[in-house]
Amino acid sequence: MAATIGGGGVSAASHTPQELQAEIKTFVQGKHATFGHKLTLEEHARSALSLLRTVPAARSAVLEFLQGIFDEAVNSHILQIESEGSGTVGPNLDPVIQEVCSVLLGFVKVNPQAWAPLISAWSIDLLGQISTKYAGRRGVPHSSSLNELLQLWMTCKATRTLMDIYTQCLAAMTGSSADLCVDALLDTSVQHSPHFDWVVAHIGSSFPNTIITRVLSCGLKDFCSHSSSQVTESHVPKLASVVGILGHLAAHHAQDIREALLQLFHVSLSEGKQEQNTVPFLLELATMSSMLLRVITTELVDSLTADVLNQLARQLSKGRSKADMEGLISLVVHLITKTSSGCQKVLKFLLDTACPMNQKDEVPLDPAVQQTCTVILNTLVSDLQKLVFGRAQQGDITEILFLSELQAHRTHLCQEMLLVNGNRQWWLVQILRLLGCHLGESCAADIVTFNLQHAQSQQQLGLLLELLEGFQCCLPDVTGAAVCRCMDSLQTGTLNNTQASRLLANIVHLLKSDDTGKMHFRCQLQEAILLHLQPMTSQLEHNCLQVAAKAMQIQAIVGLPAKPTTPALIHTCQAAVRCFFRVLHDTDLDEKITVIQYCKVYLSHLCGVQLGQTLVIRHLVQGVQDKENAMLFGADVKDYSSADSSDSQSSLLQQNIQLGRSSTPTVFHAGVIGKGLRPKADAKQLPTDQVTASCQAVLDVLYTCTLHEHHHAAIPKHEEDRMDTSDSRVERRRISSSGSRTLALLVVELVCPDVIQAPTDWPDEEFTKYTVERDLHITRRFKEHPILWDILKLVAEGKTALCHCAILLSSVISTLITHWEGSRSSVTADTPWHLQASCKALECMGEAHLLPAPLGYISELFHIVTPYEVALLLREVWKFMVENPPSPELYSMRDITGRPIRFFNPDLVRKHLAVVLSILHSNIPKLGHLYSRFQLQ
Amino acid sequence: MKMPSLRDSLAYEGFPQATRLALEHVEASCSGGESVGGGGTNLGALVEEFVHFRPPDALPHHTGLNALQELQLLQILSDYFGAKTNVGVTRQVFMVLFATRGGADRLTDHKVKLLGKLVSMCIATQHETVLDCTAYWILQEGAASPPVLTLLNSIIQDYCMLMPGTLDTLQKVDKTSPSFACQFVTIVTGLYQLKPDAVSSSHPPPSLLEVIAEWVARNPRICLASLKDTKGAAPVTPIPGLCHWCVKSPLVRNPESTQEEAMTYSKLHLGVLQSLLAAQTVAPNAKLLPVSAVEEMVADLQALVQTSEGLGEAAQLAVERLAQVMQVAMATGSTQLNRKQVAGMYGQLPENRLLSLILSYGGDG
């Protein structure tokens with residue numbers, strides 16, 4: 001107060017009252033009181049300033065007049081700019097302005113408490129008026145280009161001076177009085193918003209801290225004063241201008257703003273009315289600016305510890321009605337839906353608070369806090385639902401920021417959803433559901449895919465179904481997309497064996513679920529998988545058998561697409577058969593039998609297509625004889641690989657060097673000269689039961705495969721129908737003629753080394769000496785692969801089909817005849833294989849009606865008669881065969897079940913029966929009981 | 001029937017001529033014996049429209065005159081009142097312009113604001129008539145009424161807060177218009193009561209205190225200037241308030257108090273004593289120090305003495321000042337209290353030689 005006594009530089013020279021009256025008159029009338037001439041602007045201004053010093057009552061008038069002066073100065077400045085320096089310019093007011101500035105600042109300096117609010121309000125108001133008034137002028141840049149605007153106004157002496165005056169006022173003020181200045185700024189900002197922005201920007205950057213904290217506290221004060229009474233319309237603009245100002249400062253002072261907001265929040269934790277309103281105020285601010293919202297979501301959430309939350313709960317519940325609280329909650333929810341960055345943090349925070357994961361926090365949470373968070377989450381879910389579906393209905397495609405941003409974290413959310421349970425899980429499921437619905441198929445498919453890959457229990461699959469049901473309504477194709485993704489990941493090999501196996505197992509689960517409510521979904525899944533034949537097929541060849549088995553299971557359930565492309569089919573058949581063999585090989589696969597069953601089912605699916613049938617049978621027959629698989633079926637193959645492996649290490653170069661030095665190593669059957677005897681092949685024999693089981697499995701599959709009837713164009717349509725119906729009535733599971741024919745042809749092709757198509761007629765006996773080598777080869781094949789006999793038997797069941805195998809039979813029989821003729825032993829049992837082979841060959845021929853009834857029984861004699869007699873018998877059979885060559889066309893009749901049978905002339909048969917009967921006669925003691933069997937009826 | 005045409009013609013003239021004509025018309029009505037109350041409605045409407053520029057039917061955003069025009073208006077009013085010599089009519093016209101009827105008037109705020117500016121200007125230009133009329137206006141409105149307090153505050157704000165450089169102008173007011181100065185002091189003592197509990201707001205600004213001390217010391221009769229306007233009724237003077245200030249000031253310590261301030265109070269105290277002495281000749285038997293005021297003073301003093309333990313010297317000074325006031329008052333007959341009554345009241349106060357001397361001085365009182 002001491003300073004107020006001395007007037008300092010502003011003290012007025014003492015004037016007489018008359019002088020003062022004259023001065024007032026001069027000022028008011030604008031002309032000199034005593035001399036009567038009109039005052040120039042400078043003189044007028046001086047008179048005003050003198051009045052300001054001497055007559056307090058004239059203060060507002062003087063300030064108003066000074067506004068005019070500044071306005072004039074700005075006007076001439078703008079005119080100068082517009083005329084680009086060439087036009088006439090008004091009086092130079094710079095000195096006057098300088099003087100005004102110094103006088104006003106003198107007042108502020110002497111008594112800041114009283115003058116600064118007055119002068120700052122005046123200057124800021126004037127700046128606002130000027131900004132608005134000249135905004136439309138040609139020389140003034142548009143209000144959006146802030147920098148140009150700032151540059152223009154700061155080159156203008158008048159506005160720069162005003163700005164100086166304001167900043168000095170602000171600097172001169174301390175404590176709460178600074179609020180008055182900032183208040184004025186806010187008010188003006190409200191009034192002259194877009195044109196005034198440059199002022200805010202400039203002042204803000206000069207006093208970032210002051211302005212930010214002051215603006216916030218003024219806003220808060222204003223908010224408090226309005227929140228207590230009814231919400232009026234006037235307080236919204238003030239908030240808006242607070243937001244606007246902070247928005248300007250955000251570019252360069254984001255950190256300061258952040259700190260100020262956080263500080264405001266921390267201060268608010270203490271008691272007090274104003275503090276009570278801080279949080280609602282911050283929320284209100286956040287609704288108006290995404291920048292501030294970001295600060296709150298990214299930074300503020302971090303500081304919400306249990307302590308702070310409890311405190312907040314106490315504070316906010318105090319003196320707040322239920323409706324108020326609800327309003328607050330809906331505000332929070334609204335904000336959350338608008339959150340972009342940090343949304344994951346917010347969500348996590350809400351979830352953590354609503355259902356704390358670990359209960360051992362130091363500070364127990366207030367139940368009210370948990371309750372509120374629960375309500376918020378529930379409201380959030382329902383609001384999001386409304387937004388998502390409301391928008392979808394209106395065709396509005398604007399995105400919901402919260403969900404779009406959350407998209408990046410979908411994997412994490414899925415993961416969490418699988419880990420937790422209870423409410424938390426429910427919320428996560430809902431949010432994921434809405435996420436998918438809002439962001440479309442790709443995102444939804446990602447979510448589904450993730451769950452398919454990671455679900456580990458029935459219950460978790462249940463969640464997946466729930467999600468799918470949610471997506472169903474707006475994204476009908478999501479299943480397809482998800483399956484597509486799964487297939488991609490399977491094919492690119494991003495999944496390890498366990499993951500791949502889990503994924504496939506989950507798909508199997510879904511496919512097998514027998515919930516009728518999920519029927520439509522199962523169908524969709526099936527259809528979707530059917531579209532991905534190629535990837536699924538490649539899974540059949542997965543190096544982990546477990547995975548392959550699952551894939552097989554899926555394939556078996558799903559079946560085959562309606563019209564598979566040829567390449568795909570070829571690949572699939574090969575893969576499926578290969579997989580089948582791998583399964584047979586495996587000894588420690590769980591549920592091997594079940595898997596084999598699935599293989600059977602799938603292969604049979606494949607056989608539904610004609611090409612598929614051919615291929616499957618081919619691969620099966622081929623596979624059976626394959627070196628790797630042959631053992632499985634009791635084959636007697638020599639494995640020379642172990643002997644060769646020792647050589648494999650020597651390099652080709654070395655061999656070449658050796659080649660030069662010594663002669664070529666000579667190879668004999670017994671071994672290589674220089675290396676000693678060929679090592680005995682280690683015949684790896686598998687246990688008999690495994691062999692039996694494998695044989696059974698493969699025959700079963702072959703049988704199933706041949707069941708499918710594929711008709712050639714040659715067979716008339718009506719006949720086919722008739723056959724089908726009769727078949728189905730009498731015996732469903734009968735081997736089909738086409739299937740057996742295919743099988744027969746394949747066996748011939750694979751066993752017979754001749755390239756040309758084997759003739760179906762039986763060769764003359766003389767002719768066999770030209771085909772000795774072939775015959776031996778074929779016989780050896782049969783010897784090596786005993787399963788070929790079983791296959792042949794299968795062919796024989798198809799009756800006519802065996803005709804195509806005539807060449808095999810004739811070869812084997814010709815070799816056998818030679819063997820028996822040359823045999824020196826007295827009983828046939830000395831060469832058990834030949835005995836069995838003879839029996840089996842004749843049994844097959846009998847079965848297929850290549851031999852008529854009594855002749856077909858000859859094999860029953862073989863184990864009793866001598867080898868020579870066997871040779872005689874076989875020769876007789878040969879003769880019969882030469883006379884009655886096998887031919888499918890001769891099967892002109894059908895038995896009662898509709899199977900083709902062949903009619904033989906009994907005389908013809910009788911003729912060939914003579915040798916048999918004579919042998920019976922000579923061995924009558926041993927064969928008497930069979931005599932009647934060889935009588936022709 | 002005459003008024004509408006007059007209003008129309010005034011409206012046609014516009015500011016500032018209309019205001020001058022309106023003032024003449026108001027004067028004519030007042031001097032023509034027409035009672036203010038009788039033509040009040042029409043006259044009031046005329047004043048509202050052409051002096052205050054706030055017609056009753058104005059639109060909400062109507063702002064009246066701008067600041068420059070307002071200054072011109074003030075000049076017109078000041079010129080108008082400067083030319084008048086008939087005190088009665090002038091006061092009547094003044095009341096027509098500014099009476100707020102106890103704050104009930106629609107334009108109270110505006111009127112008080114305008115009057116504040118007018119008074120502020122007239123202090124600067126040393127305009128006797130306006131200041132005298134204002135003193136009359138204060139008496140009519142009541143010293144403690146809100147409009148009066150607002151007016152005073154605006155003047156104090158102008159001269160003591162914003163423009164300390166113009167303080168010497170204010171110091172000349174007692175010469176220009178003693179009655180205004182007297183009312184001014186009375187209200188100021190009511191405004192700043194030196195309450196022990198409150199802080200700086202209950203203390204007068206030092207500059208204001210200095211002005212008042214200067215006035216009272218220079219011209220003791222200034223405190224009695226209001227007596228001629230309040231004949232018969234209970235006298236309203238600044239003396240009780242000033243006594244309060246002088247007695248309590250040593251004990252009520254302001255954080256910003258300085259030695260200078262103590263000196264100023266001392267000077268003021270002397271002035272008060274002289275005023276009481278002067279009252280003997282100007283207004284004998286006027287009871288300037290009512291019993292209630294003395295009782296209140298003693299009670300405050302007791303409370304202050306009890307709360308401020310360590311201020312023995314200050315307490316002595318305070319009690320001594322009280323004793324001096326009482327002695328002079330009793331000697332000049334400005335109080336109705338006699339020695340016995342005073343002695344009864346003083347029981348609780350600290351010992352003081354002068355006080356006991358006065359009380360022990362036998363007398364008939």
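Of the 365 residues of chain B, 45% count as buried. A residue is buried here if 20 or more other C-beta atoms lie within 10 Å of its own, exposed if 12 or fewer, and partly exposed in between, with C-beta atoms placed from the backbone. The model is predicted: local features need pLDDT of at least 70, side-chain atom pairs count only at pLDDT 80 or more, and totals for chains, interfaces and linings use all residues. Residues are numbered from 1 along each chain as its sequence is written, while chains are lettered from A and ligands numbered from 1 in the order in which they are written.

Chain B contains 18 helices and 0 strands. Helices (H or I, at least four residues) and strands (E, at least two) are DSSP runs, numbered from the N terminus. Two residues are in contact if their C-beta atoms, placed from the backbone, lie within 7 Å.

One helix pair in chain B was examined. The axes of helix H7 (residues 128-141) of chain B and helix H11 (residues 178-191) of chain B come within 7 Å and cross at roughly 40 degrees. Axes are lines fitted to C-alpha atoms, for helices over the stretch in contact, and angles run from 0 to 180 degrees between N-to-C directions. H7(B) and H11(B) are therefore oblique to each other. Angles under 35 degrees count as roughly parallel, over 145 as roughly antiparallel, 65 to 115 as roughly perpendicular and the rest as oblique. The crossing of H7(B) with H11(B) is left-handed, meaning that the near helix is turned anticlockwise from the far one by less than a right angle. On H7(B), the contact is made by Leu131(B), Asp132(B), Thr134(B), Ala135(B), Ile138(B) and Leu139(B). H11(B) contributes Ser179(B), Phe180(B) and Gln183(B). By class, this contact has 5 nonpolar, 3 polar and 1 charged residues. Ala, Val, Leu, Ile, Met, Phe, Trp, Tyr, Cys and Pro count as nonpolar, Asp, Glu, Lys and Arg as charged, and the others, Gly among them, as polar.

Chain A has 937 residues, of which 40% count as buried. Its secondary structure comes to 46 helices and 5 strands. Among contacts in chain A between residues at least 6 apart in sequence, 76% join residues at least 24 apart.

Between the chains, 26 residues of chain A are in contact with 27 residues of chain B. On the chain A side, helices H1 (2-5), H2 (17-29), H3 (41-54), H4 (59-82) and H6 (112-133) each supply at least two residues. H2(A) gives the most, with 6 residues. The chain A side divides into 16 nonpolar, 7 polar and 3 charged residues.

The largest nonpolar core has 194 residues. Such a core is a set of buried Ala, Val, Leu, Ile, Met, Phe, Trp, Tyr and Cys residues joined through C-beta atoms within 7 Å. Cys169(A), Val215(A), Ile212(B) and Val272(B) have the most contacts inside it. Another core, of 162 residues, lies apart and includes Leu428(A), Leu467(A), Leu468(A) and Val747(A).

Most residues other than glycine have a negative phi. Lys799(A) has a positive phi of about 55 degrees. Lys799(A) lies in the loop between helix H40 (787-797) and helix H41 (806-822) of chain A. With 22 C-beta neighbours inside 10 Å, Lys799(A) counts as buried. Phi of His849(A) is also positive, near 65 degrees.
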